[in-house]
Amino acid sequence: MNEPELPPDGRPVDVYLGLLRIRMDTEDYEMLLSVVEPVLRAIDEQRLPALDFALDESHTDELSQEIRDEAALVIATAVTGRLDNEVIELDIDDTGPVRVVTDAATASDPVRLGEIADYIRERQQLNDELRGIAEVSNLPTDI
């Protein structure tokens, strides 16, 4: 959907949620809302301390992969204002498959996907090193 197709004063995230309300089962949609509403509220109030989002662990056992993916897409739409986001899965050597949200152009660009995978590998390596330092220093290791 392109910007000219949006209703006046329509936020892309509201349009996307409207489409999901029609497409999803009511129970799944309600569960999705329970996950994304706190994040959307924080975005509206401009009180986000970081750019990384993680689902609340109390919900993760209850959520299907489809709802997790849609939650990620709703949040991405709220942050970017774009409706062309996609969830893709990258196979990272030591980590295994990692799901990320990106725009459609990046999702279809193998070079860019390789760069994203490299960044994830580097970030994982840094996290492992920091965990090791924290462990040796008797500090919390939940980075």
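Mentor: The expected span of a helix is 1.5 Å times one less than its number of residues. Keep that in mind for helix H6. One caution: this is a predicted model.

Trainee: Noted. How many residues does H6 have, and what does it reach from first C-alpha to last?

Mentor: H6 has 27 residues and reaches 39 Å from its first C-alpha to its last. That is close to the 39 Å expected at 1.5 Å a residue.

Trainee: Which residues of H6 are buried?

Mentor: Leu 113, Ile 116, Ala 117, Ile 120, Asn 127 and Ala 134.

Trainee: And what covers them?

Mentor: The cover includes strand S1 (85-92), strand S2 (96-103) and helix H5 (104-107).

Trainee: What happens at the start of H6?

Mentor: Look at Asp 109. One of its side-chain oxygens reaches to within 3.0 Å of the backbone nitrogen of Val 111.

Trainee: What about just after H6?

Mentor: Asn 138 is there, with a positive phi of about 60 degrees.

Trainee: Switching to the surface. Which residues make the nonpolar patch?

Mentor: Leu 126, Leu 130 and Ile 133 make it, and the patch is about 270 Å². Leu 126 sits in helix H6, residues 110-136.

Trainee: Is Leu 126 buried or partly exposed?

Mentor: Its relative accessibility is 45%, so Leu 126 counts as partly exposed. Buried would need under 20%, and exposed over 50%.

Trainee: Salt bridges next. How many does the structure hold?

Mentor: It holds 11. Start with Asp 44 and Arg 11, whose closest N and O atoms are 2.8 Å apart.

Trainee: Where do those two lie?

Mentor: Asp 44 is in helix H2 (residues 26-44), and Arg 11 is in the segment before helix H1 (12-23).

Trainee: Which residues are linked with them in a network?

Mentor: The salt-bridge network links Arg 11, Asp 14 and Asp 44. Arg 11 counts as partly exposed, at 35% relative accessibility.

Trainee: Which residue forms a salt bridge with Arg 23?

Mentor: Glu 70 does, with the closest N and O atoms 2.5 Å apart. Arg 23 lies in helix H1 and Glu 70 in helix H4 (residues 65-80), so this pair ties together parts 47 residues apart in sequence.

Trainee: Is Glu 70 buried or exposed?

Mentor: Buried. Its relative accessibility is 8%.

Trainee: Back to H6. Which side chain meets Asp 118 in a salt bridge?

Mentor: That of Arg 121, at 2.7 Å, N to O. Both residues lie in helix H6, 3 residues apart, about one turn of the helix.

Trainee: What are their relative accessible areas?

Mentor: Asp 118 has 39%, so it is partly exposed. Arg 121 has 28% and is partly exposed.

Trainee: Now zoom out. How many helices and strands are in the chain?

Mentor: There are 6 helices and 2 strands. From the N terminus, the elements run α-α-α-α-β-β-α-α.

Trainee: What share of the chain is buried?

Mentor: Buried residues make up 33% of the 143 residues. The accessible surface of the chain comes to about 9800 Å², and 50% of that belongs to carbon and sulfur atoms.

Trainee: Last one. What share of contacts comes from residues 24 or more positions apart?

Mentor: Among contacts in the chain with a separation of 6 or more, such residues account for 45%.

Technical notes
Residues numbered from 1 in each chain as written. Predicted model: local features only at pLDDT ≥ 70, side-chain atom pairs only at ≥ 80, totals over all residues. Heavy atoms only, no water. Patch = residues over 30% accessible without salt bridge, like charges linked within 9 Å, V, L, I, M, F, W, Y side chains within 5 Å. Areas by Shrake-Rupley, 256 points an atom, 1.4 Å probe, with all protein chains shown as cover. Salt bridge = Lys/Arg side-chain N within 4 Å of Asp/Glu carboxyl O. Helix = DSSP H or I, 4+ residues; strand = E, 2+ residues; numbered from the N terminus. Buried < 20%, exposed > 50% of the residue type's maximum accessible area, 1.4 Å probe, protein only. Contact = heavy atoms within 4.5 Å. Polar contact = N/O pair within 3.5 Å; in protein donor to acceptor, adjacent residues only side chain to side chain.
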